[in-house]
Amino acid sequence: MDFQKDSYGNELRLKAIEKFDLISNLEQLEEFKSELLGRKGSITDLIKNISTLPSDQKKDAGKNANLIKIFFQDLIQEKFDDYTSTDAEESNPTLDFSLPGRRKSHGSFHPTTVVVREITKVFTEMGFDLAEGPEVELDEYNFQKLNIPIDHPARDMWNTLWVDTTSDVNIQPLLLRTHTSPMQIRLMEKQNPPIRVIVPGKTYRYEATDATHEWQFCQVEGLVVDKGITFAHLKSTLEEFAQNMFGQKRKARFRCDFFPFVEPGAEVSIDCFKCDGDRDGCKVCSFTGWIEIMGAGMVHPEVLKGVGYDPEIYSGFAFGMGAERISMLRNGIDDVRLFYSNDLRFLKQFS
Ligand code: DAH
């Protein structure tokens, strides 16, 4: 900057520069700044005093004072940047490196994701493939091709959330899938046996919620189709799964149950992991010694025929379980609504 020797404020400027050269830390710089540019600073005074000058000097004095102000503002800023750059931070003794760091909070997997991954791992290690499918499903796949015709009373087993398609007569009835079983059909229609697959995914029911019912939850479906598949394969596969999830000494129990898409159908239970299936049982197994974990069965010949497989040549088994139920059992959770009520105190326990 171009300063004249006898110009207004020149003396102040020279003195300030001398002082500036002696500054050796941030504190001194701050002090210098307020002495010069603060409310009662010398440059502030210099500008104020212009009003007392004879009017023919005011213009030049104002210009000079302003130049001085800008000059020091820039100088101070430059030095300030030097002191606060990363290198300076490391060597500046005014920083306290013994202060504890600020902990970053990490997100964590949702408990349903955790259990689905655990279940998936057990089956993929047994050689199962993994597939996923649509949550908005056709009536045809969710029911009809699973041997549940329109108007059949078996539909009452699945309280259904329907998608309103009344405005378009060309659209088939649509619904939010009530189970992952429709993926059995979609997969069999697409490929020939052998099939060995599990399908995790969201499912929906028109449900009044309580501690054991949610309107949205997650299921894991399993399907195996090949030549010569028998109930023995079903039993050993699911027992292997039960032992991996609930402990090596678990036993699996199969009792007759009805699902329209399997024949015979079964309800699968394990002996209670809490009381080891003690005769008197405990609270976890409702004093029965057994805990139900899923539905299963041999794929119904009508279902095989429907997708173009010859039931005289091929047979298969299928199973389906609620993922949250498995997590509840493993972790002693007594209310399914906790999974989707977004309480971080609950969710954080699964990180
Ligand atoms: N989809 C059935 C349900 O949601 C569960 C089920 C039972 C799946 C038997 C199956 C099976 O694959 O074979 O209640």
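Are Phe-123 and Phe-128 buried or exposed? I looked them up, and both Phe-123 and Phe-128 are buried (buried is under 20% relative accessible area, exposed is over 50%, and partly exposed lies in between, with a 1.4 Å probe and protein chains only).

**Ground rules**

I noted that this is a predicted model, where local features need pLDDT of at least 70, side-chain atom pairs count only at pLDDT 80 or more, and totals for chains, interfaces and linings use all residues. Residues are numbered from 1 along each chain as its sequence is written, and side-chain values use heavy atoms, leaving out hydrogens and water.

**Aromatic rings**

I found 19 aromatic pairs in the structure. Rings of Phe, Tyr and Trp (its six-membered ring) pair if their centres lie within 6.5 Å; planes under 30 degrees apart are stacked, over 60 edge-to-face, and the rest tilted. Phe-71 and Phe-72 make an edge-to-face pair, with 5.1 Å from centre to centre and 80° between the planes. Phe-72 is buried, at 0% relative accessible area. I then went back to Phe-123 and Phe-128: their ring centres are 5.2 Å apart and their planes stand at 70°, so this pair is edge-to-face. Ring pairs also join Phe-123 and Phe-128 with Phe-241, Phe-317 and Phe-319 in a cluster.

**Charges over rings**

I checked Arg-117 and saw it over the face of Phe-109, 4.3 Å from the ring centre. For such a contact, NZ of Lys or CZ of Arg must be within 6 Å of the ring centre and within 35 degrees of the ring normal. Arg-186 has its charged end over the ring of Tyr-141, at 4.2 Å from the centre.

**Salt bridges**

My search of the whole structure gave 15 salt bridges (a side-chain nitrogen of Lys or Arg within 4 Å of a carboxyl oxygen of Asp or Glu). One of them joins Lys-19 and Glu-35, whose closest N and O atoms are 2.6 Å apart. Lys-19 is in helix 1 and Glu-35 in helix 2, 16 residues apart. Helices (H or I, at least four residues) and strands (E, at least two) are DSSP runs, numbered from the N terminus. Lys-19 is partly exposed at 44%, and Glu-35 is partly exposed at 35%.

Next I looked at Glu-267 and Arg-255, which meet in a salt bridge at 3.4 Å, N to O. Glu-267 lies in strand 8 and Arg-255 in strand 7, so the pair ties together parts twelve residues apart in sequence. Glu-267 is buried at 14%, whereas Arg-255 is partly exposed at 42%.

My last entry is a network of salt bridges linking Lys-249, Arg-250, Asp-271 and Asp-276.
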